[in-house]
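Here is a quick walk through a two-chain model, written for someone who already has the coordinates open. Have a look at it first, then read on.

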Amino acid sequence: MEKFVFYILAIIMIVAAIASVSSRKMLRSVVYLLFVLIGIAGIYFLIDYNFLAAVQLTVYAGGIIVLVIFSVLLVHHIEMELEMAKLPAKILTGLLCLVGLGIFLITIYSYDFKVVENYKSTSVADIGRGLLSYDAGGFILPFEVISVLLLAAMIGAIIIGKGDKLTKNDEIV
Amino acid sequence: MNITKSIHEWLFSLMPEMTASIVEMVLIAVIYLAIFAVAGLYLVLLERKVAAWFQLRLGPNRVGYLGLLQTLADALKLVSKELTITEKADKFLYNLAPYFVIISALMALSLFPFTQEFQAFDINIGIFFLIAISSIGVIGILLAGWSSNNKFAMIGAMRSGVQTISYELSVGLSLLTMVLMTGSLQLSEIIEVQKHGWLIVQGHIPAFIAFCIFLIAGTAETNRAPFDLVEAESELGAGFHTEYSGMKFAYFFLAEFINMFIIAAIAATVFFGGYLSPFGITESIPLLGIFWFLAKTLVIIFLMMWFRWTFPRLRIDQLLILEWKYLLPLNLMNLILMAMMVLLGLTIQF
């Protein structure tokens with residue numbers, strides 16, 4: 001049963017990924033990309049990694065794709081089509097992709113994966129404890145670093161978004 | 001439940017394991033689709049009746065007893081209508097968009113425990129999954145607006161996107177406030193915790209604030225009045241579904257009502273004890289759970305309809321100011337208040 005679901009998901013993802021890079025309409029590409037991301041969430045569900053699957057859905061499908069759709073809506077008209085790339089560029093991209101695929105396949109096939117016995121699905125509580133623990137295997141440092149990074153990004157976005165207004169207010173004061 | 005157990009055994013005795021499990025999945029899907037259709041249709045009727053009541057009219061009362069068949073007739077009409085499309089629309093996306101909206105609504109529906117045992121998908125991240133799914137639905141609206149190739153549809157879709165993204169935060173944070181008390185995201189466990197008093201009683205002041213915020217943000221997230229800028233008919237025609245007709249329009253329309261049901265059901269489950277009866281008066285009859293669940297949900301739906309026919313529509317800037325300058329800071333403070341309360345053990349438990 002799991003095998004079939006996996007292959008169905010894999011086919012959907014591969015087809016959507018190819019369609020995403022070959023479609024000439026921008027928003028359609030975005031929607032195909034959305035299918036790929038939802039497929040990845042499906043694979044997380046399949047391996048019983050519910051939390052990561054839901055994060056994948058919220059962050060990638062619900063967040064990033066919506067932002068991309070927004071930017072496409074703002075800059076793109078429905079009748080516009082993307083330009084076709086020139087032949088040398090196509091060949092070069094194809095070659096690079098083949099090299100990338102080769103490296104991936106070699107690493108995957110040369111690594112010997114171990115089947116985990118008596119697997120237990122992770123609960124949200126475990127993840128929370130892992131993120132906040134100081135002991136070995138705890139992730140408190142990366143967690144805090146990321147939160148500082150996100151804060152910096154947010155402040156940066158506000159500064160850029162406000163633009164002139166910020167400096168103008170300073171002058172008045 | 002006993003019936004489902006016997007059907008389950010009967011199916012597995014009849015067929016090889018794999019076909020049986022597939023047939024079982026299909027059966028469950030069909031049952032949920034039926035619930036979806038019936039709930040959607042009768043919520044439309046309820047909305048019209050409530051609207052009529054608020055405006056001192058009678059409402060639909062000709063088709064069937066007390067107008068009970070009115071929406072069925074409407075649905076038949078919509079099915080038989082021609083599907084139109086604008087000339088330069090993006091046909092693929094135009095046809096795809098309604099399914100995003102309706103599938104996300106249907107998936108969310110499968111999570112609710114209607115009674116102790118009647119729950120299709122008891123995932124351990126329940127509430128988080130609901131939030132994740134609801135963030136997919138907006139993509140359908142954005143696509144519908146863009147692919148119709150119509151400026152009104154486009155403006156409606158943009159407004160909907162802004163609105164849903166902003167108010168999702170408040171929905172998530174107000175639910176998170178409640179999760180602090182339950183210590184679990186799983187819906188069945190959240191209800192287990194409420195055997196010692198519904199969460200709105202257990203958490204008293206911060207829980208009540210969270211409930212108010214959730215109701216406001218939930219109304220906004222379903223794009224209902226007073227937050228229905230998406231389809232403000234005086235400015236935008238019908239908003240993002242201006243160009244849709246027939247059954248495709250009906251998908252959007254049904255999904256909107258199902259989303260209202262979902263918001264109300266989340267509120268009933270998280271704040272008011274889901275299928276639990278008040279003071280445990282019918283605890284010995286687990287089948288009555290469905291009655292209590294629906295009763296609580298319908299009261300909250302009635303509240304949302306009351307909003308709709310009472311408040312005038314907000315402007316888009318007022319809408320965003322309400323979220324970012326009032327609800328969000330209030331919500332964050334409320335979260336800290338609740339965390340301190342749980343830490344100091346100030347919750348009320350029976």
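How much helix and how much strand is there over residues 6-23 of chain A, and how far apart are the end C-alpha atoms? That span is 94% helix and 0% strand, with its end C-alpha atoms 25 Å apart.

## Ground rules and confidence

This is a predicted model, in which local features need pLDDT of at least 70 and side-chain atom pairs count only at pLDDT 80 or more, while totals for chains, interfaces and linings use all residues. Residues are numbered from 1 along each chain as its sequence is written, and chains are lettered from A and ligands numbered from 1 in the order in which they are written.

pLDDT is the predictor's confidence in each residue, from 0 to 100. Chain A has a mean pLDDT of 85, with 95% of its residues at 70 or more; chain B also averages 85, and 99% of its residues score at least 70. Where pLDDT is low, the predicted coordinates should not be read in detail. For the complex, the predictor gives an ipTM of 0.83 and a pTM of 0.88.

In chain A, an unreviewed UniProt entry puts "transmembrane region" at residues 6-23, 30-47, 53-75, 87-111 and 139-160. UniProt positions are given in the numbering used here, feature names are shortened, and annotations may be inferred rather than shown by experiment. The 53-75 stretch of chain A is 100% helix and 0% strand, and 31 Å lies between its end C-alpha atoms.

Take two of them: residues 21-43 of chain B are 100% helix and 0% strand, with end C-alpha atoms 33 Å apart, while residues 167-185 of chain B are 84% helix and 0% strand, with ends 20 Å apart.

## Chain B as a whole

Chain B has 13 helices and zero strands. Its radius of gyration (taken over C-alpha atoms) is 21 Å, close to the 20 Å that the globule rule gives for 350 residues, so chain B is as compact as a globular protein of that length. The rule itself is 2.2 Å times the number of residues to the power 0.38. Along the principal axes, the C-alpha atoms of chain B fill a box of roughly 60 × 60 × 40 Å.

Buried residues make up 44% of the 350 in chain B. A residue is buried if 20 or more other C-beta atoms lie within 10 Å of its own, exposed if 12 or fewer, and partly exposed in between, with C-beta atoms placed from the backbone. Of the chain B contacts with a separation of 6 or more, 79% join residues 24 or more positions apart; a contact means two C-beta atoms, placed from the backbone, within 7 Å.

## Domains

Chain B splits into domain 1 (1-80) and domain 2 (85-344), with bounds that come from an automatic or database domain assignment. Their C-alpha centres are 20 Å apart, and 16 residues of domain 1 of chain B are in contact with 19 residues of domain 2 of chain B. On the domain 1 side, helix 2 of chain B gives the largest share, 12 residues.

Chain A is divided too, into domain 1 (1-85) and domain 2 (126-173). In chain A the two C-alpha centres lie 28 Å apart.

## Where the chains meet

Which helix of chain A gives the most to the side that touches chain B? Overall, 22 residues of chain A are in contact with 26 residues of chain B. Helix 2 (26-46) and helix 3 (50-75) of chain A are the elements giving two or more residues to the chain A side, and helix 3 of chain A gives the most, with 12.

## Two loop residues with positive phi

Most residues other than glycine have a negative phi. A:Asp48, in the loop between helix 2 and helix 3 of chain A, has a positive phi near 65 degrees. A:Asp48 counts as exposed because it has 12 C-beta neighbours inside 10 Å.

B:Leu56 sits in the loop between helix 2 and helix 3 of chain B and has a positive phi of about 55 degrees. With 6 other C-beta atoms within 10 Å, B:Leu56 is exposed.

How values were computed: Helices (H or I, at least four residues) and strands (E, at least two) are DSSP runs, numbered from the N terminus.
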